[in-house]
Amino acid sequence: MKLVNPYKPSVYQLEPRKRLIWIISLIGCGIYAIIVFIILFILQIPNELMIITIYTYMVIGPLTIYLLWLVFYRWKIKKWPRNKKVFGEPIHYTLLLISIGICVINWAAYWNTGLDSIWLIFASWIYILSDNLLLGTIIYTVGASAITPAFTEEFLKSFPSIIAFFVVLQRDRNLEEKRKGLLGNELGGFLFGLVIGITFEILELIYYLLITISSGGGAFDIYFQVTVRDFSPLHILGGAIGGFAAGRAERLRYERGEEDLPMKIQIINFIKRFLPLWLIPVSIHFLWNSSSVWIYLIILAIDGDILLNLILEMIVIVTLSALCFFILLLLLRCANRITEKTYRCSETGIIVAKEGDICSLFSDKKTDVEPTKKPLDKAFIAQDTEIVCPNCDKVNIRGANFCINCGFQIASYYYCPNCSKANKFGIKFCIHCGFQIQQLKTPQIFPMSNERPSKALLVISLIVTIGFLFYIVLFAILALLIYGIFGFFYLAFQISIEIVAAVVMFYAIITLFKMRKNYNGRKNIWSWYLLIFNLIGIFGLLVIYGILGVIYGIIAFTLGYITLITGLGFLFLAGATLVFIFLLRTILKSDEMLQYQTKN
């Protein structure tokens with residue numbers, strides 16, 4: 001009787017019943033939006049009823065749409081089940097991705113704000129040189145509203161998937177399952193990035209609604225914001241396609257036996273596979289945010305009216321929204337097809353080359369086995385291809401010590417990754433196909449010990465996090481003093497997102513300090529994961545605002561003023577350099593970072 005693999009469903013597409021429910025629900029949301037439009041702008045209703053209608057729609061519309069996306073994610077994650085020991089319970093894993101999404105929008109807000117100021121300085125300089133106000137306005141609008149968010153937001157939404165590519169769930173103890181990342185393949189990456197994109201979309205909608213209401217926007221402005229963002233999965237696409245691209249790169253790395261290549265070559269291969277797909281959401285995001293500028297120039301050239309401007313903008317929004325849905329559907333179908341051909345270990349869920357490959361269990365505990373106690377020839381057991389016995393030419397599974405046909409000790413040979421045939425140790429080129437064997441890095445065997453994280457990096461991270469938290473408190477106090485209670489509550493949403501990011505960093509730092517005495521594989525990879533992402537966010541913040549401070553200082557100096565902003569800018573740049581140096585040193589020298597240690 002064949003055992004059922006809990007990580008290998010028979011079909012990766014949603015059941016017809018679920019697909020029908022999801023599509024009908026989405027259509028129902030669209031009908032609801034049309035009904036609300038008719039009530040608000042065609043029927044003559046009292047102002048009180050209009051207010052109730054628009055605020056009800058403001059809550060029910062987004063709640064229904066994003067709940068549908070989360071239900072879709074929940075249904076699909078059952079088609080790509082996770083190992084609970086590594087990823088935690090499904091609800092915990094989902095909450096973890098949501099917290100990452102909150103951190104993404106936090107650092108995106110900081111990066112965008114700082115780069116907007118740099119664009120303003122650049123546009124002002126262009127205006128002074130050219131004496132052309134229209135040119136300066138176009139440069140600032142396109143730069144600050146289109147180029148900056150297109151690159152910063154799409155990078156930050158994809159960066160969690162990029163980090164996941166480098167996570168190691170299995171160390172080199174088991175050569176059949178070495179160097180597997182968190183994503184696995186396209187479907188794993190798609191679902192990983194989907195939650196991050198949904199979280200980003202929800203939080204940005206809330207932010208824009210707060211701005212619209214506080215600035216005195218009417219019913220049409222609120223309706224426009226809700227409807228456009230409900231039915232335009234721009235940020236959902238950005239997160240999903242970033243995960244899809246990283247998952248694809250991870251799958252190809254394993255299928256083509258590139259795990260032992262130098263890290264520099266692996267990074268180059270990753271960029272080649274990731275970048276073309278990543279540029280798709282970047283391009284759509286740029287077109288979305290800059291369309292109003294190009295439409296305005298067209299209207300200005302043909303002397304059109306406001307109505308024509310509105311019609312053209314709606315056509316662009318509808319077209320790009322439909323394109324986002326189409327690309328999401330295309331990526332999902334592609335991921336499903338690839339996943340159907342994927343073999344997963346029935347014990348751990350880790351992807352293996354073919355069905356029947358040897359699997360080993362995860363272990364959160366350290367072991368006292370030293371790497372030198374492992375026989376040398378074990379380190380050279382076959383790579384990512386089948387091996388051929390040099391005595392009888394019988395094909396054997398990878399990892400076999402003795403031939404299943406003649407009993408020859410095949411583990412004493414090194415097997416060429418290109419042709420799978422046996423070679424003796426020490427040769428540079430395969431005697432069968434001429435492949436340069438020594439271009440591959442010899443598989444490294446790590447000791448199963450509780451390797452200490454870089455204490456210096458954790459201390460610096462703690463100082464930076466405390467500084468960030470101090471800034472949050474200072475910002476809240478100033479908002480309360482300057483804007484009063486109303487202004488404070490207006491900024492409370494932004495402050496709450498910043499607090500979540502700070503809490504996530506504190507959690508990661510404290511957990512890593514505790515694990516110096518009591519190792520836990522799952523907590524190790526997730527804590528390093530959260531810390532690295534937020535350190536990159538802080539690094540970008542320090543660099544951008546450091547450059548901005550230096551620029552302002554130079555401008556003030558040319559006008560005959562001396563300001564402390566210059567010193568603050570250099571201080572930020574020094575802090576960014578310090579974070580970068582210690583982060584890079586820890587990544588290069590600390591073996592325990594982003595690795596799930598396993599039993600020998």
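Glu15 counts as partly exposed, at 30% relative accessibility. The scale here: buried is under 20% relative accessible area, exposed is over 50%, and partly exposed is in between, with a 1.4 Å probe and protein chains only. Before I go on, this is a predicted model, where local features need pLDDT of at least 70 and side-chain atom pairs count only at pLDDT 80 or more, while totals for chains, interfaces and linings use all residues. Residues are numbered from 1 along each chain as its sequence is written, and side-chain values use heavy atoms, leaving out hydrogens and water.

Back to Glu15. What does its side chain meet in a salt bridge at 3.2 Å, N to O? The side chain of Lys79. That pair links distant parts of the chain: Lys79 is in helix α2, Glu15 is in the segment before α1, and 64 residues separate them. By salt bridge I mean a side-chain nitrogen of Lys or Arg within 4 Å of a carboxyl oxygen of Asp or Glu. Helices and strands are DSSP runs: H or I over at least four residues for helices, E over at least two for strands, numbered from the N terminus.

Glu15 also forms a salt bridge with Lys18, at 3.8 Å, N to O. Glu15, Lys18 and Lys79 are therefore linked in a network of salt bridges. Lys18 counts as buried, at 13% relative accessibility. Lys79 is buried as well, with a relative accessible area of 11%.

The count comes to 6 salt bridges. One of them joins the side chains of Lys157 and Glu154, at 2.9 Å, N to O. Both residues lie in helix α5, 3 residues apart, about one turn of the helix. Are they buried or exposed? Lys157 is buried, with a relative accessible area of 0%. Glu154 is at 0% too, and counts as buried.

Now the helices. α1 has 26 residues and reaches 37 Å from its first C-alpha to its last, close to the 38 Å expected at 1.5 Å a residue. The expected span is 1.5 Å times one less than the number of residues. Lys18 is among the buried residues of α1, along with Trp22, Cys29, Ala33, Val36 and Leu40. Those buried residues pack against α2 and α7.

So what about α7, residues 219-230? This helix has 12 residues and spans 16 Å, close to the 16 Å expected. Of its 12 residues, 9 are buried, so α7 is largely enclosed by the rest of the structure. The buried residues include Tyr223, Gln225, Arg229 and Asp230. What covers them includes α1, α2, α6 (186-214), α9 (263-302) and α10.

Next, Thr342. Where is it? In the loop between α10 (306-340) and β1 (343-344). Thr342 is buried, at a relative accessible area of 7%. Its side chain makes a polar contact of 3.4 Å with the side chain of Asn185. A polar contact is a pair of N or O atoms within 3.5 Å; within protein, one must be able to donate a hydrogen and the other to accept it, and residues adjacent in sequence count only if both atoms are side-chain atoms. A polar atom of the Thr342 side chain also lies 3.1 Å from the backbone oxygen of Ile338. Leaving aside residues up to four places away in sequence, Thr342 touches Lys8, Asn185 and Ile351. Contact means heavy atoms within 4.5 Å.

On to the core. A nonpolar core is a set of buried Ala, Val, Leu, Ile, Met, Phe, Trp, Tyr and Cys residues joined through side-chain atoms within 4.5 Å. The largest one has 123 residues, and Trp69, Trp107 and Leu194 touch the most other members. Its largest share, 19 residues, comes from helix α11 (residues 455-514). Beyond four places in sequence, the residues that Leu194 touches include Trp69, Phe72, Tyr73 and Ile236.

Last, confidence. pLDDT is the predictor's confidence in each residue, from 0 to 100. The chain averages 81, and 80% of the residues score at least 70. Confidence is highest in helix α5 (residues 133-165), at a mean of 93. It is lowest in strand β5 (residues 414-415), at 62. Where does pLDDT stay under 50? Over residues 171-178, and over residues 439-451. For residues 171-178 the model has 51 contacts beyond four places in sequence.
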